[in-house]
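Here's a quick tour for anyone meeting this structure for the first time. Take a look at it, then read on.

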Amino acid sequence: MVQIDRLTFQYKKEKHLFSFPNIDLKERENLLIIGKSGIGKTTFLHLLAGLLTPISGKIVIGGVDIHSISHSELDKFRGQNIGLVFQKKHAIQSLNVVENLQARLFLSKKSISNTKIDFLLEQLDISDCKNSKLNTLSEGQLQRLGIVMAVIHNPQVILADEPTSSLDDESCTIVIELLIKQAKLTNANLIVITHDHRIKSLFSNSITL
């Protein structure tokens, strides 16, 4: 469950005040947020993830007002309950693919399941990279790894920032269908923020910023 009410944000030394729409997602509901560059899509996602603090308004995830708890509690909550698919890659360069996924589960205080790791890598067609270092992967492979890292710990909410930006049409559909499937399996909410209109038909619920 995700509720957003009267959310606003302003960067320091900037005059523009971002105002975001109210949202009320029930269990297993997904949302596509479409907007052009510079409209505040990534800012919105960072607010939802608790990486930025709003000027006003409320964000409630799973009954928890994420900006009413301490920084340490928010870090713990984010690690266990939020899955993030960033535009920039946040995997650990010194670890290989499998080690990154094992580390993600460890940091989330979830049991390490190599069976689940193998399943997700196969679903995204990067099984042959499981023992590879990150500097040997293509941009598309790194983006797919980022998606596996976002869903491996069964989060309540999956937040994806332009997850299909560097993918061809076939891979684009595979990635979004995997995110939708994983969200459904774990009763999670999936929120995708993008300018990619190719995926609009895969969502019954969408808004434009």
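Rings of Phe, Tyr and Trp (its six-membered ring) pair if their centres lie within 6.5 Å, and planes under 30 degrees apart count as stacked, over 60 as edge-to-face and the rest as tilted. By this rule there are four aromatic pairs here. Keep in mind that this is a predicted model: local features need pLDDT of at least 70, side-chain atom pairs count only at pLDDT 80 or more, and totals for chains, interfaces and linings use all residues. Residues are numbered from 1 along each chain as its sequence is written, and side-chain values use heavy atoms, with hydrogens and water left out.

**Aromatic rings**
- F9 and Y11 make an edge-to-face pair, because their ring centres are 4.6 Å apart and their planes sit at 85 degrees.
- Y11 also pairs edge-to-face with F18, at 6.2 Å centre to centre and 85 degrees between the planes.
- Buried means under 20% relative accessible area, exposed over 50%, and partly exposed in between (1.4 Å probe, protein chains only).
- F9 has 6% relative accessibility, so F9 counts as buried.
- F18 is buried too, at 10%, while Y11 is partly exposed at 30%.

**Nonpolar cores**
- A nonpolar core is a set of buried Ala, Val, Leu, Ile, Met, Phe, Trp, Tyr and Cys residues joined through side-chain atoms within 4.5 Å.
- The largest one has 38 residues, and L101, L121, L145 and L179 touch the most other members.
- Elements giving two or more residues to this core include β4 (31-34), α4 (114-123), α5 (139-151) and α6 (169-185); helices (H or I, at least four residues) and strands (E, at least two) are DSSP runs, numbered from the N terminus.
- The top contributor to this core is α5, with seven residues.
- Leaving out residues up to four places away in sequence, L179 touches I147, V151, I158, A160, P163 and L190, where contact means heavy atoms within 4.5 Å.

**On the surface**
- F106, L107 and I112 form a nonpolar surface patch with about 360 Å² of accessible area together.
- Accessible areas come from the Shrake-Rupley method with a 1.4 Å probe, and for residues only the protein chains shown count as cover.
- L107 belongs to helix α3 (residues 97-107) and counts as exposed, at 62% relative accessibility.

Note on methods: Patch = residues over 30% accessible without salt bridge, like charges linked within 9 Å, V, L, I, M, F, W, Y side chains within 5 Å. Salt bridge = Lys/Arg side-chain N within 4 Å of Asp/Glu carboxyl O.
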